[in-house]
Each structure stands twice: as C-alpha cells, then as structure tokens.
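Please find below a few notes on this model, arranged by topic for your own check against the coordinates.

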Amino acid sequence: METFAQSLTSGLLTGALYAMIGIGLTVVFGVMRIINLAHGEMVMLGMFGAFWGQSLWKLDPFLSLLLWAPVMFVGGMLVYRFLLRKIIPGGELNTLLYTAGLSLLIANLALFAWTGDYRTINLSYGQEPVRPFGISIAVPLAIAFVVALAITGALWLFLSRTDLGRAIRATSQNREAALLMGVDVERVATVTFGLGTALAGAAGVLLAPSLYLYPTVGELLIVKCFVVVVLGGLGSVPGAIAGGLLLGVVESLGAVYVSSTYKDGIGFVLFLGVLLYRPSGLFGVGK
Amino acid sequence: MTRRLAPWVAGVVALAALPAIVPNSFYLHVAIMILMWTLLGSAWNLLGGFAGQVSFGHAALFGIGAYVTMILFLKAGLAPWWGIPLGGLAAALVSLPIGLVCFRLRGPYFSLATLAVAEIVKLVALNWETVTNGSVGFLITTFPPVRFFGLAVDWESKLPFYALAALLALGGLAATAWLQTSRLGAYLIAIRENEEAAEAVGIDTVRAKVLTFALSAFLAGLGGGFYAAYFRYVDPDAVLNINLSMEMVFIAMVGGLGTVAGPLVGAVFLTTVGESVRERFQVGHLIFYGLFMMLAIRYMPEGIWGRARRLLAALRARVLGHVAA
C-alpha cells in the first residue's frame, strides 16, 4: 500500500509537468492544426536556459522562469510569424514535415554548440526529500509541481476570462466562424504559438533540476507529449491535463508493478490503442 | 525504349568508373553512403512519395534488417549476401502487422502511430537481451575469409561494399521505376490525391498501402543489412535511431517526392553535405538536413529533381517551339 501511494504521488508530480508540455502542443494544434514536432526542442531550450542561467549568472533555476518564459513567448511568436505561417496553406503534412526539419535543426545546433554531454543542475537547497505522510517527495519536483499547477491555473483563467483567451478558444472551435465574428485570427495564431512555446520552455525550466540535460532530450519528450495529447484528445486543454496526469501515473505504477524497463512502452501501447479505438481521446472531447 | 534505358546505362557506366576516379578512400566512403541513402530514400519514397503516407517509423525496419543480418552472421555463420536479403524479408514480414494496424489512421495520425511503433521496436531491442544483446549490441571484429563466385573477398578494402551498395541502390531505383509504371503505382497516386475517391472507384486502398509498405520495408531492411555489414556494428542507438527515419524522409523530400531520381538527387546533395560536416566537426551534420528540409518545403516543395525536371521540360518546349517556328 505504501509503495502504491508512493508511486502514485511521484506519477502525479511528473504527470503535472507532462500536462504542461502537452497543453502547449494541444493549443497550437487546436488553433492552427499544426502538429509541432519541434515542441520537444522548445522544452530542451528551456532546460538549457535554466542551466546556463545558473552556471553563468548564478540565477536560481526556478526564478529564471521569469526570464525564459517571456523570451520563449517572443521567440515562438517570431518563429510563427516568419517561418511557419507561410507553410500552413500547404496542409497538415507539410507543416508536420516542416516542424520535423525545425526540430532536427534546433537539436543539432544545440549539439554543435553545447556538445552531447549529459549535464545536471545542482540546487543549493532541497537535497533532502520532504516526507509528508511517510511518502518521500523530491523537493525540486515538488516545487516544479506547484509552479506548474499555478501556471496551468493562470492559463485556465486567461483562456476562460479574457477576450484574447475567448478568441483563442473560438478560433480553436471554428476558425471561419471566429473570423466572421471579427476575431483577428492571424493575431490569435501568433499569440497562441508564442503561448505554446512559452509553456514548453517553462516546463523545460521546471524540469531541468530533476532530469539530465542533453541536446537531444527533446526526442524523448516529444513522443511522450504526443502520448499525452492523444490520450486526452488533440486540441483539448482539459484533455491534455488529464492525459498528462494519466501518463505520469501509468508510467510510475507500470515501473513498479509491470516492468521498469518497459515502462515507456506502456505509454506507447496505450497511445496506439487510443489512436486506433478512441481517436477523439479517452474523454471524447478532442477532434 | 532507348530513351528510357539511356539514363540507366549511363548510371551503370558511371558507377563502374567511379572507384577508378576517386582520389582516396574517404570519397569512396561518401559514395557508399550516397548509394545506401539512395536505397533508403527510395524505400521511403515508395510509400511517402507515391502513396502520400508519411512514415516516421522506417528506422524500425532499417534496424530489423540490420539486426537480422548481424545475428544470422554471428550466430549462424551466414555470409552477409544471404543475411542482407533475409534481413529485408524479415523487415517486410514485420511491416505487415504494423501496416494493418497503422493504416487504419490517416494523415498526420498515421505518422504519429508509426513513430510510436518505432519507439516500441527500439525498446524491445534494448531490453530483449538474449537475442539483441541489449544496449551493448553486436560487433564484428574480423570477417572470416569468404569467397564470392570463386573470388576471395577483401573485407578491408571498401570496394566490395561499394559494389554491393551500387547494386542495392540500382535495385531501389529500379523498384521505383517499376512502381511508377505499374497498376499499383496508379492506385497509390489515386490514394495520395484523394483516398475517399480512390475507394469509391473500387481500389482496395488498405491492400495497396500494405503491399507498398512491405516493398518499402524490404528495401529499408536491405539498407539496414548493408549498414550492419559495412560498419560491422549494430546497437539500438545506431540502427533504431529516430533520426534515421527523418533522414530517409528528408532525402526523398529534398530530392523530389514521387519521382524515380528524386532520392538519388537528395542523397547526393544531403549526404555529401552531411558527410563533409561529419568529417570536419563530428557532430551536428544534421543541422543542414533540417535547414534544407525547411527551405525545400518553403521554396521548392517539388524537390530539387522535381524543379529541375520542370525547368528542363520548359526549356525543351521553348527550343522545340523555336524549331517549329
């Protein structure tokens, strides 16, 4: 029972970060029909941002979020405005292949600049795990979890309460109708891509103290990220949250009760199953 | 007929002459890589270019070919010229269930499913240690003396590999040329342009796609088998890497989708750039793959060969027009 509670908790903690990466991918898909294969590289850039912030400027990795999230937001908008926008009329497969090229370009530029060495971030605090109710929780992961919840909550408020948020949801539901209602769809798309990139980058910053950093880490993350958004239904934000938590828990329980070597495989099998039998996601909210 | 055969004859002559011209073994290595990637680009192009089914999972088929060739050689002593075709066959066999499952999905969803399948195959290779040796993989230290039609093969020279690669690349191009004129090829183009319409006129789209996938897998498996024999080294990171799938996609796409010569042009262009960068900097040779892919989609979606062919046709029309006038 204690093992169960322990692995459930660590699954939920990791799952919240998966969810955050997944939300970025899913809002971009919802608004622009782009499956962004370079999303994992955006996470990787966030991780390296936290690393360089700490090693060059003695910046606390978690505080560097305040710097990197806006930088990634602007960077994402520029990528959309100057690179991706002209590809969209070519169709979904063209944008998929274009972002595949972008992904390879970013990952290999990073490999070239920073080499393939594995790096870690050492925090001056939180060496000892906290133990509420006898469950051991790593401090960096706990901080990341709380911040991820706060960001997701803020995003939720933004999407449901503000005009721009409503415009994003409207465009996601029906682009033509939104256009007819006077929504500046192009501006919405630019902002959404910036938002998706910022979410990926922020998740990267938060994950950096808990994971190994290397330039091709994006490959692993992007595949997990697809699992998350497909589980929840492509285009659905609540779906991505549920999918992220589900994947985190399934992996963590699978590692304990099925096989630790095949824990990643469980996610992929689940992914194929959902793609084949419930293409709109487990909760039937996607499209 | 002579006009159709002429480029093939010229190609074979050029391939036969090349080893005599190249100044050192690095250039021969580049030539071998170009030929291997021509085969792999052609393999992907059958499915991606003609049928419009973008697979991100071809690394799995390549890897299966590589592992089968390697294991047959090390454990059964079977020489690579038996192992390579058997590796291709194994990849084709494995492609059948993958195809039957993944082809239920369309467009980008098919691509994502193949990506997941490739990751599953990689996980199996990493963890099924009794067969695959896990993350350690296999290494051939010395080739036993082998005779090929009575001739002793010199494994230390690159020449036998060059000959084998040339044969395989020609095979890939020939398979594409055959598909282009076959009934199956016509079905595939119909599927690519409009799958519902293709189904409505009575094409068994699933059958056509699965057959093409098997042919494509066979060629990718041959490429993997060749890789195993040439580099004498196989491990999950080397032969089941997702980047291999991407390189196949990029070579076919930059060269020209759905054409016979496209993968050859793409391989000549990208592999030359890639191997030169790899020779000079060790890492990051894929920077240019990504960059050229983005440029191609933006400015030249028909690929280098597609664009060149169109320009040639326009030129010919103008010249002929002048003659007629």
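1. Met1(A) sits in the segment before helix H1 (2-32) of chain A, and the model, which is a predicted one, gives Met1(A) a relative accessibility of 77%, so that it counts as exposed. Together with Phe4(A), Val256(A), Tyr257(A) and Val258(A), Met1(A) makes a nonpolar surface patch of about 560 Å².

2. Arg33(A), found in the loop between H1 and helix H2 (39-57) of chain A, has a positive phi of about 60 degrees although it is not a glycine.

3. Thr115(A) belongs to the loop that runs between helix H4 (92-114) and helix H5 (139-161) of chain A, and at 36% relative accessibility it counts as partly exposed.

4. Tyr212(A) is placed in the loop between helix H8 (185-207) and helix H9 (217-232) of chain A. Its relative accessible area is 53%, and Tyr212(A) is therefore exposed, the cut-off being over 50%. Once neighbours within four places in sequence are left aside, Tyr212(A) is in contact with Met47(A), Tyr118(A), Arg119(A), Thr120(A) and Val217(A).

5. As for a separation that can be checked directly, the C-alpha atoms of Tyr212(A) and Gly244(A) are 20 Å from each other, the two residues being 32 residues apart along the chain.

Notes. Residues are numbered from 1 along each chain as its sequence is written. Chains are lettered from A and ligands numbered from 1 in the order in which they are written. This is a predicted model: local features need pLDDT of at least 70, side-chain atom pairs count only at pLDDT 80 or more; totals for chains, interfaces and linings use all residues. Side-chain values use heavy atoms; hydrogens and water are left out. Helices (H or I, at least four residues) and strands (E, at least two) are DSSP runs, numbered from the N terminus. Buried means under 20% relative accessible area, exposed over 50%, partly exposed in between (1.4 Å probe, protein chains only). Contact means heavy atoms within 4.5 Å. Patches are made of residues with over 30% relative accessible area and no salt bridge: like charges are joined within 9 Å, nonpolar side chains (Val, Leu, Ile, Met, Phe, Trp, Tyr) within 5 Å. Accessible areas come from the Shrake-Rupley method with a 1.4 Å probe; for residues, only the protein chains shown count as cover. A salt bridge is a side-chain nitrogen of Lys or Arg within 4 Å of a carboxyl oxygen of Asp or Glu.
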